[in-house]
Amino acid sequence: MSRPGSWIRKCRGRCIEVTMSTVVTTVDTRLHTLPPVGGFARFSAVDYPGHLCAVIYTQGCPCRCRYCHNPHLQRGCGQSGISWPAIMSWLANRAGLLDAVAFCGGEPTAHKSLQAALQQVRDSGFGTALHTSGIYPYNFSNMLPYTDWVAFDIKAPLARYADVTGVPGSGIRVQNSVERMLSRNVAYEIRTTVHPAILDASDLVTIARWLKLLGISNWVLQSFNPAGCVNAGLVTSYAPIDRELLDKLREHVQNILVR
Ligand code: SF4
């Protein structure tokens with residue numbers, strides 16, 4: 001049972017008592033040197049399934065996916081309108097109202113120092129979600145011990161990865177990351193953005209076979225989202241995935257959710 005001014009939170013299978021003073025006074029000084037925040041959403045019900053979370057968008061991403069709906073975050077400008085200590089103090093007042101913080105981008109794992117932020121959020125009694133393209137396997141791997149749930153993008157078949165991301169060698173890096181993630185006890189969602197001008201039916205079947213080889217049986221196919229996309233051609237040429245193709249994909253990956 002919690003005392004007044006405190007709350008009990010389950011963290012990695014343990015019940016811990018978190019007090020307001022704990023959260024406010026333990027703001028880590030390393031947070032002052034963390035990557036600049038590109039955006040901050042105070043409330044989301046969709047960025048960590050089953051959890052209410054705040055969302056922090058980091059700046060900078062090496063990829064240039066044509067369907068990107070945050071292209072303004074691809075090049076880090078190095079400045080932020082909101083500081084990490086301010087976010088942590090704000091978070092302290094959301095105890096009992098929010099479950100977690102989700103880190104999106106940009107590419108959050110581009111910043112080694114984000115590990116300290118994940119750790120601080122965890123230490124404050126909140127869960128952590130990390131959205132990633134998996135393009136930095138080493139950094140990603142170091143962040144996994146402080147991450148409760150990963151949204152992992154598989155963007156293309158291995159042989160076509162650079163066509164979609166614009167980064168040579170990105171497929172091997174992503175394969176490395178996904179294997180590191182699967183070897184750890186962390187909850188995850190594998191997802192792929194679907195647009196017929198970027199991935200055709202045979203690309204999707206090739207990805208499905210790859211996932212099967214990896215032992216993955218759940219897959220989210222995300223419909224292209226035109227919001228924020230600056231590629232006019234993609235916006236006008238979108239067509240939803242057809243049922244027949246879905247049946248074919250399910251021969252390889254049992255549980256497919258179209259979102
Ligand atoms: S990896 Fe994500 S943030 Fe980076 S360009 Fe692609 S869609 Fe945009």
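Predicted model: local features only at pLDDT ≥ 70, side-chain atom pairs only at ≥ 80, totals over all residues.
User: Why does Ala 110 count as buried?

Analyst: A residue is buried if 20 or more other C-beta atoms lie within 10 Å of its own. Ala 110 has 21 C-beta neighbours inside 10 Å, and therefore counts as buried. Ala 110 is found in the loop between β5 and α3.

User: Which residues is Ala 110 in contact with, leaving aside its neighbours within four places in sequence?

Analyst: They are Gly 60, Cys 61, Pro 62 and Tyr 136. Two residues are in contact if their C-beta atoms lie within 7 Å.

User: What makes up the shell around the ligand, by class?

Analyst: The shell has 4 nonpolar, 5 polar and 2 charged residues. Among the residues surrounding the ligand are Cys 61, Arg 64, Gly 105, Gly 106 and Glu 107. Arg and Glu count as charged, Cys as nonpolar and Gly as polar.

User: What joins Gly 105 and Gly 106?

Analyst: A cis peptide bond joins them, with omega about 10°. Gly 106 is found in the loop between β5 (100-104) and α3 (114-123).

User: Which residues have the most contacts inside the largest nonpolar core?

Analyst: This core has 58 residues, and those with the most contacts inside it are Cys 53, Val 101, Ala 102, Phe 103 and Ala 129. Not counting residues up to four places away in sequence, Val 101 touches several residues, including Cys 53, Leu 91 and Phe 126.

Technical notes: Residues numbered from 1 in each chain as written. Core = buried A, V, L, I, M, F, W, Y, C linked by C-beta atoms within 7 Å. Buried ≥ 20, exposed ≤ 12 C-beta atoms within 10 Å, placed from the backbone. Near = placed C-beta within 6 Å. Helix = DSSP H or I, 4+ residues; strand = E, 2+ residues; numbered from the N terminus.
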